[in-house]
Amino acid sequence: MSQVLMPKATAVWLVENTTLTFDQISAFTGLHPLEVQAIADGEVAGGMTGLDPTTNGQLTKEEIKRVEGDAGARLKLSPRDVPIPVARSKGPRYTPVAKRQDRPDAIAWLLKVHPELQDSQVAKLVGSTKSTVQSVRDRTHWNMQNVRPRDPVTLGLCSLKDLNDAVDKARRKAAREDAAKKKAAASGEPVAEEAAEIVTETVDPGEADQPDFGEPRS
(Lines give C-alpha, C1' and ligand atoms only; values in the text may rest on other atoms or scores of the structure.)
Protein backbone atom coordinates (compact mmCIF):
# COMPACT_ATOMS: atom_id res chain seq x y z
CA MET A 1 0.00 0.00 0.00
CA SER A 2 1.22 3.48 -0.81
CA GLN A 3 2.53 5.55 2.05
CA VAL A 4 0.21 8.05 3.69
CA LEU A 5 1.38 11.64 3.44
CA MET A 6 2.13 13.19 6.84
CA PRO A 7 0.79 10.24 8.87
CA LYS A 8 0.87 11.95 12.29
CA ALA A 9 -1.00 15.07 11.08
CA THR A 10 -3.47 12.80 9.28
CA ALA A 11 -3.98 10.78 12.47
CA VAL A 12 -4.66 14.00 14.40
CA TRP A 13 -7.42 14.92 11.93
CA LEU A 14 -8.96 11.43 11.95
CA VAL A 15 -9.00 11.36 15.76
CA GLU A 16 -10.65 14.77 15.95
CA ASN A 17 -13.14 14.44 13.08
CA THR A 18 -14.17 10.78 12.80
CA THR A 19 -15.39 7.89 14.96
CA LEU A 20 -12.76 5.50 13.60
CA THR A 21 -11.14 3.19 16.15
CA PHE A 22 -7.51 3.57 17.18
CA ASP A 23 -6.73 0.31 15.36
CA GLN A 24 -8.32 1.57 12.14
CA ILE A 25 -6.40 4.84 12.27
CA SER A 26 -3.22 2.95 13.14
CA ALA A 27 -3.61 0.58 10.19
CA PHE A 28 -4.12 3.49 7.79
CA THR A 29 -1.37 5.83 9.01
CA GLY A 30 1.21 3.24 10.02
CA LEU A 31 1.43 4.61 13.57
CA HIS A 32 1.33 2.30 16.60
CA PRO A 33 -2.16 2.04 18.17
CA LEU A 34 -0.74 3.32 21.47
CA GLU A 35 0.62 6.40 19.68
CA VAL A 36 -2.81 7.03 18.18
CA GLN A 37 -4.32 6.72 21.66
CA ALA A 38 -1.70 9.15 22.99
CA ILE A 39 -2.72 11.62 20.28
CA ALA A 40 -6.36 11.27 21.37
CA ASP A 41 -5.32 11.85 25.00
CA GLY A 42 -3.32 14.94 24.06
CA GLU A 43 -0.03 13.39 25.16
CA VAL A 44 1.44 13.35 21.64
CA ALA A 45 1.31 15.90 18.81
CA GLY A 46 -0.09 18.62 21.08
CA GLY A 47 -0.78 21.76 19.06
CA MET A 48 -0.22 19.96 15.75
CA THR A 49 -2.59 21.02 12.97
CA GLY A 50 -4.47 18.05 11.55
CA LEU A 51 -4.30 17.22 7.84
CA ASP A 52 -7.63 16.39 6.19
CA PRO A 53 -6.89 13.38 3.93
CA THR A 54 -10.02 14.10 1.86
CA THR A 55 -8.63 17.42 0.62
CA ASN A 56 -5.47 15.95 -0.89
CA GLY A 57 -7.10 12.94 -2.51
CA GLN A 58 -5.88 10.27 -0.08
CA LEU A 59 -9.38 9.36 1.10
CA THR A 60 -12.98 10.04 0.19
CA LYS A 61 -15.72 10.91 2.67
CA GLU A 62 -17.59 7.84 1.49
CA GLU A 63 -14.62 5.61 2.36
CA ILE A 64 -14.44 7.08 5.87
CA LYS A 65 -18.18 6.53 6.41
CA ARG A 66 -17.89 2.93 5.16
CA VAL A 67 -15.16 2.08 7.66
CA GLU A 68 -16.81 3.99 10.53
CA GLY A 69 -19.74 1.59 10.23
CA ASP A 70 -17.61 -1.56 10.48
CA ALA A 71 -14.99 -1.89 13.23
CA GLY A 72 -13.33 -4.72 11.33
CA ALA A 73 -12.95 -2.75 8.08
CA ARG A 74 -9.79 -0.91 7.06
CA LEU A 75 -9.37 2.33 5.12
CA LYS A 76 -8.06 2.09 1.58
CA LEU A 77 -6.06 4.87 -0.04
CA SER A 78 -7.65 6.42 -3.09
CA PRO A 79 -5.66 5.81 -6.30
CA ARG A 80 -3.56 8.84 -7.14
CA ASP A 81 -1.65 9.86 -10.24
CA VAL A 82 0.02 12.82 -8.56
CA PRO A 83 3.81 12.32 -8.30
CA ILE A 84 5.44 12.39 -4.87
CA PRO A 85 6.77 15.89 -4.20
CA VAL A 86 10.53 16.30 -4.27
CA ALA A 87 12.06 17.49 -0.99
CA ARG A 88 13.26 21.08 -1.10
CA SER A 89 16.98 21.58 -0.72
CA LYS A 90 18.24 23.35 2.39
CA GLY A 91 18.97 27.04 2.26
CA PRO A 92 17.18 30.40 2.58
CA ARG A 93 13.50 30.16 1.70
CA TYR A 94 12.60 32.15 -1.41
CA THR A 95 9.33 34.03 -1.17
CA PRO A 96 7.69 35.25 -4.40
CA VAL A 97 7.45 39.02 -4.65
CA ALA A 98 3.64 38.86 -4.77
CA LYS A 99 3.55 37.12 -1.38
CA ARG A 100 6.13 39.19 0.49
CA GLN A 101 3.54 41.72 1.60
CA ASP A 102 1.70 38.86 3.36
CA ARG A 103 4.64 37.92 5.59
CA PRO A 104 3.83 40.34 8.46
CA ASP A 105 0.30 38.87 8.58
CA ALA A 106 1.75 35.36 8.73
CA ILE A 107 4.22 36.38 11.45
CA ALA A 108 1.40 37.90 13.52
CA TRP A 109 -0.59 34.65 13.20
CA LEU A 110 2.36 32.50 14.26
CA LEU A 111 3.13 34.71 17.26
CA LYS A 112 -0.52 34.58 18.34
CA VAL A 113 -1.32 30.91 17.71
CA HIS A 114 2.09 29.36 18.43
CA PRO A 115 3.86 31.54 21.03
CA GLU A 116 6.21 28.63 21.76
CA LEU A 117 8.03 29.22 18.46
CA GLN A 118 11.31 31.11 18.61
CA ASP A 119 11.76 34.21 16.46
CA SER A 120 14.32 32.37 14.35
CA GLN A 121 11.79 29.60 13.66
CA VAL A 122 9.08 32.08 12.69
CA ALA A 123 11.49 33.91 10.40
CA LYS A 124 12.56 30.66 8.73
CA LEU A 125 8.98 29.49 8.20
CA VAL A 126 7.87 32.60 6.31
CA GLY A 127 11.20 33.55 4.71
CA SER A 128 11.66 36.75 6.69
CA THR A 129 14.18 38.05 9.24
CA LYS A 130 14.29 38.00 13.05
CA SER A 131 14.28 41.79 13.10
CA THR A 132 10.99 41.82 11.19
CA VAL A 133 9.53 39.22 13.54
CA GLN A 134 10.57 41.35 16.51
CA SER A 135 9.03 44.48 14.96
CA VAL A 136 5.69 42.67 14.57
CA ARG A 137 5.98 41.26 18.10
CA ASP A 138 6.51 44.71 19.67
CA ARG A 139 4.14 46.39 17.18
CA THR A 140 6.76 48.73 15.72
CA HIS A 141 6.51 47.36 12.16
CA TRP A 142 6.20 50.18 9.63
CA ASN A 143 2.85 48.81 8.35
CA MET A 144 1.51 47.57 11.70
CA GLN A 145 -1.84 49.32 11.30
CA ASN A 146 -2.64 47.07 8.34
CA VAL A 147 -1.28 43.80 9.78
CA ARG A 148 -3.91 41.15 10.52
CA PRO A 149 -3.04 37.57 11.58
CA ARG A 150 -3.42 35.06 8.74
CA ASP A 151 -2.40 31.41 8.50
CA PRO A 152 0.94 31.12 6.62
CA VAL A 153 -0.10 27.72 5.21
CA THR A 154 -3.21 29.25 3.68
CA LEU A 155 -1.12 32.12 2.34
CA GLY A 156 1.28 29.66 0.73
CA LEU A 157 4.30 30.90 2.68
CA CYS A 158 5.07 27.53 4.28
CA SER A 159 3.85 23.96 4.17
CA LEU A 160 1.74 22.31 6.85
CA LYS A 161 4.57 19.81 7.38
CA ASP A 162 7.14 22.57 8.00
CA LEU A 163 4.76 24.30 10.45
CA ASN A 164 3.99 21.12 12.37
CA ASP A 165 7.68 20.14 12.48
CA ALA A 166 8.64 23.57 13.87
CA VAL A 167 5.88 23.48 16.51
CA ASP A 168 6.80 19.93 17.50
CA LYS A 169 10.47 20.91 17.85
CA ALA A 170 9.62 23.98 19.94
CA ARG A 171 7.34 21.99 22.26
CA ARG A 172 9.96 19.27 22.78
CA LYS A 173 12.55 21.91 23.65
CA ALA A 174 10.17 23.62 26.09
CA ALA A 175 9.42 20.27 27.71
CA ARG A 176 13.14 19.53 28.15
CA GLU A 177 13.77 22.94 29.69
CA ASP A 178 10.78 22.58 32.03
CA ALA A 179 11.98 19.14 33.13
CA ALA A 180 15.49 20.50 33.76
CA LYS A 181 14.10 23.35 35.87
CA LYS A 182 11.96 20.99 37.95
CA LYS A 183 14.92 18.66 38.47
CA ALA A 184 17.16 21.53 39.53
CA ALA A 185 14.48 22.91 41.86
CA ALA A 186 14.07 19.52 43.48
CA SER A 187 17.82 19.17 44.04
CA GLY A 188 18.28 22.78 45.14
CA GLU A 189 20.83 23.45 42.40
CA PRO A 190 20.77 26.64 40.31
CA VAL A 191 19.36 26.23 36.79
CA ALA A 192 21.97 26.76 34.12
CA GLU A 193 20.73 28.97 31.33
CA GLU A 194 20.80 27.29 27.97
CA ALA A 195 23.30 28.84 25.59
CA ALA A 196 21.60 31.11 23.12
CA GLU A 197 21.41 29.69 19.66
CA ILE A 198 23.40 31.76 17.21
CA VAL A 199 21.67 31.87 13.87
CA THR A 200 23.42 33.34 10.90
CA GLU A 201 20.81 34.78 8.63
CA THR A 202 21.59 34.59 4.96
CA VAL A 203 18.61 36.51 3.71
CA ASP A 204 19.02 38.36 0.47
CA PRO A 205 18.53 42.13 0.99
CA GLY A 206 15.73 41.96 -1.55
CA GLU A 207 13.93 39.47 0.69
CA ALA A 208 13.69 41.86 3.66
CA ASP A 209 10.24 43.27 4.38
CA GLN A 210 10.24 46.83 3.13
CA PRO A 211 7.57 49.40 2.21
CA ASP A 212 6.08 48.89 -1.23
CA PHE A 213 6.68 52.07 -3.20
CA GLY A 214 4.79 50.79 -6.22
CA GLU A 215 5.95 49.81 -9.70
CA PRO A 216 8.85 51.83 -11.20
CA ARG A 217 7.84 54.30 -13.84
CA SER A 218 8.72 53.39 -17.39
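Predicted model: local features only at pLDDT ≥ 70, side-chain atom pairs only at ≥ 80, totals over all residues.

Reader: Is Ser26 buried or exposed?

Author: Burial is judged by relative accessible area, and buried means under 20%. Ser26 has 10% relative accessibility, so this serine counts as buried. Ser26 is found in helix α2, which covers residues 22–29.

Reader: Which residues is Ser26 in contact with, leaving aside neighbours within four places in sequence?

Author: Those residues are Leu31, His32, Pro33 and Val36. A C-alpha separation can also be read against the distance along the chain: Ser26 and Lys8 are 18 residues apart in sequence, and their C-alpha atoms are separated by 9.9 Å.

Reader: Where does His141 lie?

Author: His141 is in the loop between α8 and α9. With a relative accessibility of 8%, His141 counts as buried. A polar atom of the His141 side chain lies 3.0 Å from the backbone nitrogen of Asn143.

Reader: What is the relative accessible area of Ser159?

Author: The value is 32%, so Ser159 is partly exposed; that class falls between the buried limit of 20% and the exposed limit of 50%. Ser159 sits in the loop between α9 (152–155) and α10 (160–187). Its side chain has a polar atom 3.0 Å from the backbone nitrogen of Asp162.

Reader: Now the cores. Which residues touch the most other members of the largest nonpolar core?

Author: The general idea comes first. In soluble globular proteins, nonpolar side chains tend to be buried together. Here the largest nonpolar core has 22 residues, and those touching the most other members are Ile107, Leu110, Leu117, Val122, Leu125, Val126 and Leu163. At least two residues of this core come from each of α6 (103–113), α7 (119–126), α8 (130–137) and α10.

Reader: Which helix gives the most to this core?

Author: That is α6, with six residues.

Reader: And which residues is Leu163 in contact with, again leaving aside neighbours within four places in sequence?

Author: Leu163 is in contact with Trp109, Leu110, His114, Leu125, Val153 and Cys158. There is also a second, separate core of 21 residues, including Leu31, Leu59, Ile64 and Ala73.

Conventions. Residues numbered from 1 in each chain as written. Heavy atoms only, no water. Helix = DSSP H or I, 4+ residues; strand = E, 2+ residues; numbered from the N terminus. Buried < 20%, exposed > 50% of the residue type's maximum accessible area, 1.4 Å probe, protein only. Contact = heavy atoms within 4.5 Å. Polar contact = N/O pair within 3.5 Å; in protein donor to acceptor, adjacent residues only side chain to side chain. Core = buried A, V, L, I, M, F, W, Y, C linked by side-chain atoms within 4.5 Å.
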